[in-house]
Amino acid sequence: MTVTLRTGHTGDYDAVRALHVRCSVATRARRYHTGTPQLTRGAWERMSAPRAGCTLLATPFGLPERVVAVGHLLYERHPDVAELAVLVEDTWQSHGLGGVLSRRLYGLAHFMGVRTVVAYVAADNIRARRMVQGLARLAGGHGPDVHLLSDSDVLETVLS
């Protein structure tokens, strides 16, 4: 499966919304940690605006209008901290696409002035945990700093 990665923009709303519609409720819940039924235009505009960070889209080669995955590196409260998040369409999972997006975004962090990358991962989301472990190896660390958020089943992973 060959894909093209490109920067996402606010004008990509319809294609990214269609991706969300094609994703199962479980897939969206693993990304947003809620049962987010659909992506609103306002939420997409906030996430894809350049001031928010960096958004990458994956499209099948030759089908630039069909988005099959989206990755974000979004600034948090401090400008040198950003959250890494990835959503991959169900039928495109288990092919390494989430890893490709996360590695590319992690590589861009330095150029964005980000010193710490945070990923919020459901404790039972094995794929996402493997993705974060792969990033830790890429960074040369022994592993990310991981701890359970209070009263939650969500792990906060910190890669510096």
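I take a residue as exposed when its relative accessible area is over 50%, and as buried when that area is under 20%. The model I am reading is predicted.

**Entry 1: Asp14 and Arg41**

I looked up Asp14 first. Its relative accessible area is 55%, so I list Asp14 as exposed. I then looked for a charged partner and found Arg41, whose side chain meets that of Asp14 in a salt bridge at 3.8 Å, N to O. Asp14 sits in helix 1 and Arg41 in helix 3, so this pair ties together parts that are 27 residues apart in sequence. Arg41 comes out as partly exposed, with a relative accessible area of 42%.

**Entry 2: Glu89 and its partners**

I counted the salt bridges in the model and got four. Which residues does Glu89 meet in salt bridges? One is Arg22, at 2.9 Å from N to O. Glu89 is in the loop between strand 4 and helix 4, while Arg22 is in helix 1, so the pair ties together parts 67 residues apart in sequence. Another is Arg66, at 3.0 Å from N to O. That pair also links distant parts of the chain, 23 residues apart, with Arg66 in the loop between strand 2 and strand 3. I note that shared partners join Arg22, Arg66 and Glu89 into one network of salt bridges.

Is Glu89 buried or exposed? Its relative accessible area is 4%, which is under the 20% cut-off, so I list Glu89 as buried. Both arginines are partly exposed: Arg22 has a relative accessible area of 29%, and Arg66 has 31%.

**Entry 3: helix 1**

I went back to helix 1, residues 13–22, and asked which of its residues are buried. They are Tyr13, Ala15, Val16, Leu19 and His20. I then checked what covers these buried residues, and the cover includes helix 2, helix 3, strand 2, strand 3 and strand 4.

**Entry 4: strands 4 and 5**

I turned to strand 5, residues 116–122. Six of its seven residues are buried, so I describe strand 5 as largely enclosed by the rest of the structure. Strand 5 runs parallel to strand 4, residues 81–88, and three bridges join the two. I looked up Ala82 and found that its bridge partner in strand 5 is Val117. How does the chain cross from strand 4 to strand 5? The path goes through helix 4, residues 97–109, and I record this β-α-β crossover as right-handed.

Key: Residues numbered from 1 in each chain as written. Predicted model: local features only at pLDDT ≥ 70, side-chain atom pairs only at ≥ 80, totals over all residues. Heavy atoms only, no water. Buried < 20%, exposed > 50% of the residue type's maximum accessible area, 1.4 Å probe, protein only. Helix = DSSP H or I, 4+ residues; strand = E, 2+ residues; numbered from the N terminus. Pairing = 2+ DSSP bridges. Right-handed = clockwise from strand over helix to strand, strands pointing away. Contact = heavy atoms within 4.5 Å.
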